[in-house]
Amino acid sequence: MSVLLTNIGELVTNDPEHGAGSGSGGLGVVPDAAIVVEAGRIAWTGPASSAPAADTAVDLGGRCALPGFVDSHSHTVFAGDRAAEFAARMTGEPYTGGGIANTVTATRAASDEALRARGQALVREMLAQGTTTVEIKSGYGQDVATEARTLRIARELTPETTFLGAHTVPAEYAGDRAGYVDLVTGPMLAACAPHARWIDVFCEPAAPTAFDEDEARTVLAAGARAGLGVRVHGNQLSAGPGVRLAVEVGAASVDHCTHLSDADVDALAGSWAGAGLGTVATLLPAVEFSTRSPYPDARRLLAAGVPVALATDCNPGSGYSSSMPFVVALAVREMRMSPAEALWSATAGGAAALRRDDVGHLRVGARADLTVLDAPSHTYLAYRPGVPLVAQVWKDGARV
Ligand code: NIG
Ligand code: FE
């Protein structure tokens, strides 16, 4: 059965066929548009006046329609509460990553049901705000059993699951870092790889419990040998080795990129110079908001031609927002991205960071995942921050 979505005031397709390089910054915007959806996929897009017939029609009342947001970085299966840490940061405490240990303690003690309920609630919250694809990481278990059950539960929620056993070194391994790396790359990886698509590591020499360059390289190499794709938490607290390591190992994405040297930017740009796919720079401005840190320099990355993704990093410590509209607004206001650049990064950019070509755009053949705004244009995401503009969400061709 085919469905015609019509009377779309502004349709953002991310399809270069529809206006790449136009005033909308390559978003492929079609005014007064329509879409035909069939079997969960986009079958046609274009001006409403030339739309083909379909079995049923839905009038979107002049609203704006976008590809569903692709949130390529979250940590949404966990237990416990760290609101007090946030309050302390707002009155001057720095973020060091030290609070991760509190979430590890709570997560180990939580039942599967409690972890599942929290993860489901957060994914539902994301969907209501227009996110139709989400990546979820482990990393609050830091023992074999808790990492594996975190990923089993995450896999129930999304196919985009990431093994982050190397998030921090847990207290019981404080005197034996090498022993923890052996655990992560041995029995923990063996138990987790069947439930994961990706491996990740928190590479941050400035955080005492995170991993240095050699440890991170060892972890990523083991994950790649086990068939996992590679991503990196890098350059969050200092201009450390994370970005260049990510490029060296062919990571799909390096996330945070808050502190970058010229060599880091050159390495990211260089990763896209050859024939294959390079490393996306994923920016997480809700973390800078929530840790009261300087925002990443998005303009520097864009000027160098580096593809940029935007994601929430939704987690109980460094930033507990599940809202891609909030992230888009921060990117525009605080990182000087244009509304079009920010929307591209929150949709097509996230898809690139996950190496997915079936989401993040509305070209013919794409998954019919879309977000309908109670607004005439995508600019309203940043123009009306904090306002619940998401009127409808469609996933695989059905309204949810
Ligand atoms: O992406 N930086 C490391 N990990 C998470 C935060 C984890 C936490 O504080 O609980 C992040 O920011
Ligand atoms: Fe993270």
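## Surroundings of the ligand

Ligand 1 is surrounded by 13 residues, and the closest of them are Ile100, Phe202, Asn315, Gly317 and Ser318. Sorted by class, this shell contains four nonpolar, eight polar and one charged residues. The structure described here is a predicted model.

## The sheet of eight strands

An open sheet is built from eight strands in the order E6-E7-E8-E9-E10-E11-E12-E13, and the pairing is parallel. Its edge strands are E6 (69-71) and E13 (308-310), each of which pairs on one side only. On average, neighbouring strands in this sheet are turned by 25 degrees against each other, direction ignored. Strands of a sheet pair through backbone hydrogen bonds, in either a parallel or an antiparallel manner.

One pairing within the sheet may be examined in detail. Strand E7 (residues 131-137) and strand E8 (residues 160-166) run parallel and are joined by three bridges. Glu135 stands opposite Glu160 in E8.

## Helices lying across the sheet

Two helices may be described by the strands that they cover. Helix H3 lies across E6 and E7, and its direction is at about 145 degrees to E7. Helix H6 (residues 213-225) lies across E8, strand E9 (198-203) and strand E10 (229-234). The angle between H6 and E9 is about 175 degrees.

## Packing of H3 with H4

Helix H3 (residues 112-128) packs with helix H4 (residues 144-157) at an angle of about 35 degrees, and their axes are 10 Å apart. The crossing in which H3 passes H4 is right-handed. On the side of H3, the contact is made by Asp112, Leu115, Arg116, Gly119, Gln120 and Val123. On the side of H4, Arg149, Thr150, Ile153, Ala154 and Leu157 take part. The residues of this contact of H3 with H4 comprise five nonpolar, three polar and three charged.

## Packing of H4 with H5

How far apart are the axes of H4 and H5? They are 8 Å apart, and the two helices pack at an angle of about 25 degrees. That angle makes H4 roughly parallel to H5, because angles under 35 degrees count as roughly parallel. The crossing of H4 and H5 is right-handed.

In this contact, Val144, Glu147, Ala148 and Leu151 of H4 meet Pro187, Met188, Ala191 and Cys192 of H5. Which classes of residue form the contact of H4 with H5? Seven are nonpolar, none is polar and one is charged.

## Packing of H5 with H6

Helix H5 (residues 177-192) also packs with H6: their axes come within 10 Å and cross at roughly 10 degrees. H5 and H6 are therefore roughly parallel to each other. The contact involves Arg177, Val181, Val184, Thr185 and Leu189 of H5, together with Glu215, Thr218, Val219, Ala222 and Gly223 of H6. By class, the contact of H5 with H6 holds five nonpolar, three polar and two charged residues.

## Strand E1 and its partners

Strand E1 (residues 2-12) runs antiparallel to strand E2 (residues 29-38), and eight bridges join the two. Val3 of this pair stands opposite Val37 in E2.

E1 also pairs with strand E4 (residues 56-59), in the parallel sense and over four bridges. Here Leu5 stands opposite Val58 in E4. How many bridges join E1 to strand E5 (residues 64-67)? There are two, and E1 and E5 run parallel. Leu11 stands opposite Ala65 in E5. In a regular strand, the side chains alternate between the two faces of the sheet.

Technical notes: Residues numbered from 1 in each chain as written. Chains lettered and ligands numbered in written order. Predicted model: local features only at pLDDT ≥ 70, side-chain atom pairs only at ≥ 80, totals over all residues. Near = placed C-beta within 6 Å. Nonpolar A, V, L, I, M, F, W, Y, C, P; charged D, E, K, R; others polar. Axes fitted to C-alpha atoms, helices over the stretch in contact; angles between N-to-C directions. Left-handed = near helix turned anticlockwise from the far one by under 90°. Contact = placed C-beta atoms within 7 Å. Pairing = 2+ DSSP bridges. Parallel < 35°, antiparallel > 145°, perpendicular 65-115°, else oblique.
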